[in-house]
Each structure stands twice: as C-alpha cells, then as structure tokens.
Amino acid sequence: MSDPAKVRRHAERVRELVASVVRSQIKDPRLGMITITDARITADLRDATVFYTVLGDAAAQSGTAAALESAKGMLRSTVGKALGLRHSPTLTFVLDDVQDQVKHIDDLLAQARTADAEVQRLAARAAYAGEAQPYRLDSDDEAHDEDEDEDEAPPRGGDQR
C-alpha cells in the first residue's frame, strides 16, 4: 500500500495533466466546454478516475464523453510519462453531476423555507391549549408549603406514657 500523501499528490497531478492535455492537445469537435473537477487514484496507483463537468445539454455531455473515450489512450500515455510510474494508470472518466446536485439542494432549501414560513404563520395565530403558564411559580410553591404545614399533625414519637 502506498503513502496516502503520495496518492493525493499523484491524483492532483493527474487532474492537472488531463486538464492541460484536454485544453491544448485534443482537437475533437465533439469536445464541449469541459472542466476537470477532480481526480482520484487507487492506493496501488493503477486506476485513476477523472471527474468532469460539461456546460450544455445532454447532447453536449454525450459528445464530450465520446471525445474523452476516443482520446483515452493519448491521455493515459501522457499521464504515465509525466508521473514516471512503472505502470501508467488506467483512466476512467465520470461525468460529475455537481450542477444537478446543487439545483436539487437549492430546491430542497426553498421547500424548507416555504414550510418554515408556513409554520411561523400558523404559530403567530396559535393559542395555548391549556393555561398560559402551566407550571407553578415560586410564589405559588411558598403558599402551597404553608398550607401543607398547617394540615399536618405533630409527629408521633416512640413512647408516650
């Protein structure tokens, strides 16, 4: 097993290399507006997963995926030479759906805000189900204790002759 710091450095280097090669050397017309967001590499440095986002619709995403698949060999050889490893890592490209996740989370937050506003509106009109103050206050406790002291009989001792 490799050192985790070394694995992180290699993963970052893979991300930088792939982004650089995609920007400068791949001239495929199917390649859309792509951003390499992350790269992860296994501990044995044999497999690398590269995450990317594409600006555009589903057609742009599928075209970019096809362009990356066709350029995978060139990208792998470039990464292998630059990293100087015994084995070039196998590259796997995964569409990073961060934008969809962000939109979903924003929708959930908007729903939560609406529900909170509704609860606040209902709470403003609400009335207590019982008394306004259901608990005894200190002044009530003192009056209650005095009443109990008067009602109690004197304690009986052991022997009364």
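Modeller: Helices and strands here are DSSP runs, numbered from the N terminus. Keep in mind that this is a predicted model.

Colleague: Fine. How many helices and strands are there in the protein chain?

Modeller: The protein chain has five helices and three strands.

Colleague: In what order do the elements run from the N terminus?

Modeller: The order is α-β-β-α-α-β-α-α.

Colleague: What share of the residues count as buried?

Modeller: Of the 161 residues in the protein chain, 22% are buried.

Colleague: Now the largest nonpolar core. Which of its residues touch the most other members?

Modeller: The core has 26 residues. Val-14, Val-18, Val-22, Leu-68, Leu-75, Leu-91 and Phe-93 touch the most other members.

Colleague: And which element gives the most to this core?

Modeller: Helix 1 does, with seven residues. Strands supply residues too: strand 1 (33–41), strand 2 (47–55) and strand 3 (90–95) each bring at least two.

Colleague: Take Phe-93. What is Phe-93 in contact with, leaving aside neighbours within four places in sequence?

Modeller: Phe-93 is in contact with Val-18, Val-50, Tyr-52, Leu-68, Lys-72 and Leu-75.

Colleague: Leu-68 keeps coming up. Which residues of helix 2 are buried?

Modeller: Gly-63, Thr-64, Ala-67 and Leu-68 are buried in helix 2.

Colleague: Why are they on the same side of helix 2?

Modeller: They cover an arc of only 135° around the axis, so they sit on the same side of helix 2. As a general rule, an α-helix has 3.6 residues a turn, so residues three or four places apart point the same way.

Colleague: What is exposed on the other side of helix 2?

Modeller: Ala-58, Ala-59 and Ser-70 are exposed there.

Colleague: And what do the buried residues of helix 2 pack against?

Modeller: They pack against helix 1, strand 1, strand 2, helix 3 and strand 3.

Colleague: New topic. How many salt bridges does the structure hold?

Modeller: Seven salt bridges. One of them joins Lys-72 and Glu-69, with the closest N and O atoms 3.2 Å apart.

Colleague: Is Lys-72 buried, exposed or partly exposed?

Modeller: Partly exposed, because the relative accessibility of Lys-72 is 23% and buried means under 20%. Glu-69 is also partly exposed, at 45%.

Colleague: What about Asp-38: which residue does Asp-38 form a salt bridge with?

Modeller: Asp-38 pairs with Arg-40, and their closest N and O atoms are 3.3 Å apart. Asp-38 is partly exposed at 26%, whereas Arg-40 is exposed at 51%.

Notes. Residues are numbered from 1 along each chain as its sequence is written. This is a predicted model: local features need pLDDT of at least 70, side-chain atom pairs count only at pLDDT 80 or more; totals for chains, interfaces and linings use all residues. Side-chain values use heavy atoms; hydrogens and water are left out. Helices (H or I, at least four residues) and strands (E, at least two) are DSSP runs, numbered from the N terminus. Buried means under 20% relative accessible area, exposed over 50%, partly exposed in between (1.4 Å probe, protein chains only). A nonpolar core is a set of buried Ala, Val, Leu, Ile, Met, Phe, Trp, Tyr and Cys residues joined through side-chain atoms within 4.5 Å. Contact means heavy atoms within 4.5 Å. The arc is that of the directions from the helix axis to the C-beta atoms. A salt bridge is a side-chain nitrogen of Lys or Arg within 4 Å of a carboxyl oxygen of Asp or Glu.
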